[in-house]
Amino acid sequence: QVQLVESGGGLVQAGGSLRLSCAASGGIASINAMGWYRQAPGKQRELVADITSGASTNYANSVKGRFTISRDNAKNTVYLQMNSLKPEDTAVYYCNAVAVVPGKIYGIAYWGKGTLVTVSS
């Protein structure tokens, strides 16, 4: 019902930049929060950054100062600007949104299918 589609992943050299985008569509009344997670092979999925409806942001220590999360409420889209990329950033990046659908008063977490980011040394 609610779909999240990520884009912007790819191959980049260490020190380079990428910008990820995630657009939410479907029956959506409101989105309470949006965020980015990542998962590398053999590792647990971890929070990269999230942003609330009030524009409060939170970042993993490993990306502070390098990544910036933002959102466009009119487009139901969240972005992740990634600068100074390191090989350790290589992972599948997943978009997450806590969305309220029509007829409900609570939000449910939805996930995108992920986009691969590969950083070469």
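In this predicted model, Thr68 is found in strand β7, which spans residues 67-72. Thr68 counts as partly exposed, because its relative accessibility is 43%. Setting aside neighbours within four places in sequence, Thr68 is in contact with Tyr59, Tyr79, Leu80 and Gln81. One of these residues is Tyr79. Tyr79 and Thr68 are 11 residues apart along the chain, and their C-alpha atoms are separated by 8.0 Å.

Strand β7 also holds Arg71. Arg71 has a relative accessible area of 18%, and is therefore buried, the limit being under 20%. Thr68, at 43%, is partly exposed. The contacts of Arg71, not counting residues up to four places away in sequence, fall in several parts of the chain. Arg71 touches Ile31, Asn32, Ala33 and Met34, among others. Gly35 lies 36 residues from Arg71 along the chain, with 9.5 Å between the two C-alpha atoms.

One is to the backbone: the side chain of Arg71 reaches the backbone oxygen of Ile31 at 3.3 Å.

The aromatic rings were examined next. The count comes to 1 aromatic pair. This pair is formed by Tyr37 and Trp111. Tyr37 belongs to strand β4 (residues 30-39), whereas Trp111 belongs to strand β10 (residues 108-111). The pair therefore ties together parts that are 74 residues apart in sequence. Both partners are partly exposed, Tyr37 with a relative accessible area of 22% and Trp111 with one of 39%.

Arg45 lies over the face of Trp111, at 4.8 Å from the ring centre. Arg45 also lies over the face of Tyr94, where the distance to the ring centre is 3.8 Å.

Notes:
Residues are numbered from 1 along each chain as its sequence is written. This is a predicted model: local features need pLDDT of at least 70, side-chain atom pairs count only at pLDDT 80 or more; totals for chains, interfaces and linings use all residues. Side-chain values use heavy atoms; hydrogens and water are left out. Helices (H or I, at least four residues) and strands (E, at least two) are DSSP runs, numbered from the N terminus. Buried means under 20% relative accessible area, exposed over 50%, partly exposed in between (1.4 Å probe, protein chains only). Contact means heavy atoms within 4.5 Å. Rings of Phe, Tyr and Trp (its six-membered ring) pair if their centres lie within 6.5 Å; planes under 30 degrees apart count as stacked, over 60 as edge-to-face and the rest as tilted. A charge sits over a ring if NZ of Lys or CZ of Arg is within 6 Å of the ring centre and within 35 degrees of the ring normal. A polar contact is a pair of N or O atoms within 3.5 Å; within protein, one must be able to donate a hydrogen and the other to accept it, and residues adjacent in sequence count only if both atoms are side-chain atoms.
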